[in-house]
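Here is a friendly walk through one model, written to be read with the structure open beside you. Please have a look at it before reading on.

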Amino acid sequence: MPRAVFNTAPIFVASGRGAELVDVDGNVFIDLAGGLGVLNIGRAHPRVLEAVHAQVDAFLHECFHVSMYEGYVALAEALNELVPAPGPNKTMLANSGAEAVENAVKISRYATGRDGVVALTHAFHGRTAMAMTLTAKHMPYRAGFGPYAPEVYRAPYAYCYRCPLGLRYPGCGVACAGAVADRIDSEIGAERIACLVVEPVAGEGGFIVPPPEYLPALRQICTERGILYVDDEVQAGMGRTGRILAIEHYGVVPDIVTTAKSLGAGLPISAVTGPADVMDSVHVGGLGGTYGGNPVACAAALAVIAELTEGDLLERARRQGERIRARLDPLVDEVPAIGEVRGLGPMVGIELVTDPVTKEPAKALADAVIRRCFEERVLVLKAGTFDNVIRLLAPLVIEDGELERGLDVLVDALRWAGTQV
Ligand SMILES: Cc1ncc(COP(=O)(O)O)c(C=O)c1O
């Protein structure tokens, strides 16, 4: 394997259930990483396993372009209902988050007849050519992989802890949204822009939660200029923040929504959902792929959606978020290395700094915290443009006792970090 295919925890997995995984040496880990945001519903969920087993027994693959099957249609219908829209939606299925984003851009260009795409600072949208170009971070995602896709422009995300305009919320009046409008109007030309691609919470960028006014302001900018608002819910969606889609917290109705990761509970599947007229603007044969909407993955995704809409996952997510914040928020005053604890529901990030005044990112310290957690059999991940944010993506089904044990370890590691600066 090339060294570029990295790993964070030096373990090999033997089995898993819920928020627990067992490695081949018999070590049991509490998982606060969720297989990179994929396991909101947890490992081996009975409803998912039952649906998957039934589909495996029936057939594994046909390719929807060759012979159709019910699962694809049922999942499209379910997502059409889940995604807020003024009129009827349509959904196409693909395999990964990056592929969903690529297709959202293709559809937006086709529907508007415009080429330009605006992405935001701190964005992550995947590793394929267009998705990588939309992604903001140079190392490791873009470095050496140019030339990048043309007609992609960047505008500021609302990262209040490190305000790009040097202002303070709320006195700033969310001037960063105004800066997005200025960039569009004075530098690019609104009539050239097909879509604005936005994460409702910047995930890889560092779990950056924009203030309440920012996303509605972007919505208005798009509406006034005929630009499609693409809401990338690949990481923040499917219950991660306590709502099915994170954008619901902001009361914004996007045009196109991309979902993936926890949609498939571990099987590779992604979706692009948008207004019927936009989705149907593309010519027959213009969208698709060999594996898009694989029947086994569709079965898993339908089980996930059934659990999200009928079960108590969203309630559990909210409770998990409250428990996490109750443990971590008090540390901000106690541990000088913690610059900020932020999040939406249980999608929580802890930004580490070497000095709370200069806010110098503490990358090595973040690595050390993750290593200490790992040594105590707790898995957490890093994120952030500056590689200094610990992020929590625990399965929503994690039991209270497991969560508290995981947080005990994390809190100890963070307190230790405070002694290192
Ligand atoms: C917001 C967002 N969009 C897109 C992607 C890309 O998804 P995938 O890795 O499935 O291609 C990710 C992955 O982390 C993501 O967080």
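In S12, which residue is the bridge partner of arginine 342? The bridge partner of arginine 342 is glycine 349. Before going further, please note that this is a predicted model, in which local features need pLDDT of at least 70 and side-chain atom pairs count only at pLDDT 80 or more, while totals for chains, interfaces and linings use all residues. Residues are numbered from 1 along each chain as its sequence is written, and side-chain values use heavy atoms, with hydrogens and water left out.

Helices (H or I, at least four residues) and strands (E, at least two) are DSSP runs, numbered from the N terminus. Strand S11 covers residues 338-344, and strand S12 covers residues 347-352. The two run antiparallel and are joined by 6 bridges; strands pair if DSSP finds at least two bridges between them. In S11, 5 of the 7 residues are buried, where buried means under 20% relative accessible area, exposed over 50%, and partly exposed in between (1.4 Å probe, protein chains only). The hairpin has 2 residues between the strands, and glycine 345 takes a positive phi near 55° there.

**Backbone details to look for**

Positive phi values also turn up in residues other than glycine. Alanine 265, with phi near 55°, is found in the loop between strand S9 (256-259) and strand S10 (270-275). This alanine 265 counts as buried because its relative accessibility is 17%. Arginine 377 has a positive phi of about 70° and is found in the loop between helix H13 (363-375) and strand S13 (378-379). With 33% relative accessibility, arginine 377 counts as partly exposed.

There are cis peptide bonds to find as well. One runs from methionine 139 to proline 140, with omega near 10°, and proline 140 lies in helix H6 (residues 138-142). Another runs from glycine 146 to proline 147, with omega near 0°; proline 147 is found in the loop between H6 and strand S6 (152-155).

**Rings and charges**

How many aromatic pairs does a search of the whole structure find? The search finds 7. Here, rings of Phe, Tyr and Trp (its six-membered ring) pair if their centres lie within 6.5 Å; planes under 30 degrees apart count as stacked, over 60 as edge-to-face and the rest as tilted. Phenylalanine 59 counts as partly exposed at 26% relative accessibility, whereas tyrosine 69 is buried, with a relative accessible area of 7%. Tyrosine 69 also forms an edge-to-face pair with phenylalanine 64, at 5.5 Å centre to centre and 85° between the planes. Phenylalanine 64 is buried, with a relative accessible area of 18%. Phe59, Phe64, Tyr69 and Tyr72 form one aromatic cluster.

Charges lie over rings too, meaning that NZ of Lys or CZ of Arg is within 6 Å of the ring centre and within 35 degrees of the ring normal. The charged end of arginine 142 sits over the ring of tyrosine 148, 4.1 Å from its centre. Lysine 359 lies over the face of tyrosine 161, at 4.2 Å from the ring centre.

**Around the ligand**

Which residues surround the ligand? They are Ser96, Gly97, Ala98, Phe124, His125, Gly126, Glu199, Glu204, Asp232, Val234, Gln235 and Lys261, each with a heavy atom within 4 Å of it. The table gives polar contacts, which are pairs of N or O atoms within 3.5 Å; within protein, one must be able to donate a hydrogen and the other to accept it, and residues adjacent in sequence count only if both atoms are side-chain atoms.

| Residue and atom | Distance to a ligand oxygen atom |
|---|---|
| Glycine 97, backbone N or O atom | 2.8 Å |
| Alanine 98, polar backbone atom | 2.8 Å |
| Lysine 261, polar side-chain atom | 3.0 Å |

The protein covers 83% of the 390 Å² of accessible area that the ligand has on its own; accessible areas come from the Shrake-Rupley method with a 1.4 Å probe, and for residues, only the protein chains shown count as cover.

**A polar contact within the protein**

Threonine 241 lies in the loop between strand S8 (228-232) and S9. Its side chain makes a polar contact of 2.9 Å with the side chain of histidine 249. Threonine 241 counts as buried, because its relative accessibility is 1%.
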